[in-house]
Amino acid sequence: MVSVRGLPILAAILGVASVMPVFSHAEGASAPPVAHKQVSLPRVLVLATGGTISGKADTRSAIGYDAGAVTGEQLIAGVPGVEKLAQLQVEQISNIASQNMNSQVWFKLAERIRQAFANNEVDAVVITHGTDTMEETAFFLDNVIGDARPVILTGAMRPSTAISADGPANMYEAVKVAADPQARGRGVLVVLNDEVQSARGVSKMHTTALQTFHSPNLGPVGYVDPASVRFVAPAKPQQHLDLPADHTLPRVQIVYAHADMDAQQIDDAVKNGARGIVIAGMGDGNVSTDALAGIERAIKSGVIVVRSTRVGNGFVNRDVEVDDDHYGLVASMDLNPQKARILLQLLLANGKTSAADIQKAFSAGF
């Protein structure tokens, strides 16, 4: 039987990293030297929500898996050396596949982060999350967490049981960025595959590739590896909106534009009580003549309409092929439809109801 004290020696003999308990580093003689005591490390709260990073393989196909099968504590226990970066506290907020992510989980995350910062419980937060909706969760939190302390999202494209699982490396680097003083004041960040992306800029751009996350309009804000964290873009002022007291967001529908488009989806959204509509338009946020007539009807009924684009790159500009000023439309700028929807929901929940005020919020920072 090997004692705890002998584990590092055994690890050196076997050529593997010593995996020590994450939460215990002060047991008498086994404690590290004074200069490296755990109490001197940043305090990082890990909030686990599920996703592929916590998935396990399934036999239905060679790459099949079930998301949300591993707990946050199990994830941390499988990341050698992470305990040297920070004092870690793990809490399970949910354990779901990210296609099932919803606003109620967003509110739980936001309230817990706000509470942890208000009570000075932690110096930073890391959230483990599925990749399908990671950009939406990051963007929501970026708009409601009014604190300079880092909030980092990370995940994986391969489940925890896969050959060459990417979760442990991403988790390690997320904690490393969270613990770095340079990460303060940058809003919510997304860290995967050695890159640091802003919540506003980042999007999932490939269905299965490891290097799926990119910021097509803004580029990465930094890079990270086991040795260093390097930011290449300055921090930008962040806008912060209040959370609705009743923890509900106004109904905002996304309507996808296509050839031979009519106004049926737009008219149906209005009938079903939408307070806002985001158009995933063609090209520079364009729609057909029939759809534009439906948009005009929606605006006259008091619905805010935002023109975004189904194209993966580029800004949606005002008053190009569509007379935004005439119709009272909002151009999404760099925001894709899913992020435009979230920002419009939050703005409506904060009492912003004029197209001019909403356009200012969409254009903030540009």
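**Overview**

I began with burial and noted that 49% of the 366 residues in the protein are buried, where buried means under 20% relative accessible area, exposed over 50% and partly exposed in between, with a 1.4 Å probe and protein chains only. I was working from a predicted model, in which local features need pLDDT of at least 70 and side-chain atom pairs count only at pLDDT 80 or more, while totals for chains, interfaces and linings use all residues. I kept in mind that residues are numbered from 1 along each chain as its sequence is written, and that side-chain values use heavy atoms, with hydrogens and water left out.

I then looked up the secondary structure, which comes to ten helices and 16 strands, taken as DSSP runs (helices H or I, at least four residues; strands E, at least two) numbered from the N terminus. Of the contacts with a separation of 6 or more, 70% join residues 24 or more positions apart, contact meaning heavy atoms within 4.5 Å.

**Helices H4 and H9**

I looked at how H4 (residues 134-144) packs with H9 (residues 337-349), and found an angle of about 30 degrees with the axes 10 Å apart; the axes are lines fitted to C-alpha atoms over the stretch in contact, and angles run from 0 to 180 degrees between N-to-C directions. That makes H4 roughly parallel to H9, since angles under 35 degrees count as roughly parallel, over 145 as roughly antiparallel, 65 to 115 as roughly perpendicular and the rest as oblique.

I listed the residues that meet: H4 brings Glu-135, Glu-136, Phe-139, Phe-140, Asn-143 and Val-144, and H9 brings Gln-338, Lys-339, Ile-342, Leu-343 and Leu-346. In this contact of H4 with H9 I noted six nonpolar, two polar and three charged residues.

**Ser-228**

Leaving aside neighbours within four places in sequence, I found Ser-228 in contact with Lys-176 and Tyr-223.

**Two residues with positive phi**

I checked Asn-120, in the loop between helix H3 (103-118) and strand E5 (124-128), and noted a phi near 55 degrees, a positive value in a residue other than glycine. Asn-120 is partly exposed, at a relative accessible area of 46%.

I also checked Asp-194, in the loop between strands E7 (188-192) and E8 (195-198), where phi is near 70 degrees, again positive in a residue other than glycine. Asp-194 is partly exposed, with a relative accessible area of 39%.

Note on methods. Nonpolar A, V, L, I, M, F, W, Y, C, P; charged D, E, K, R; others polar.
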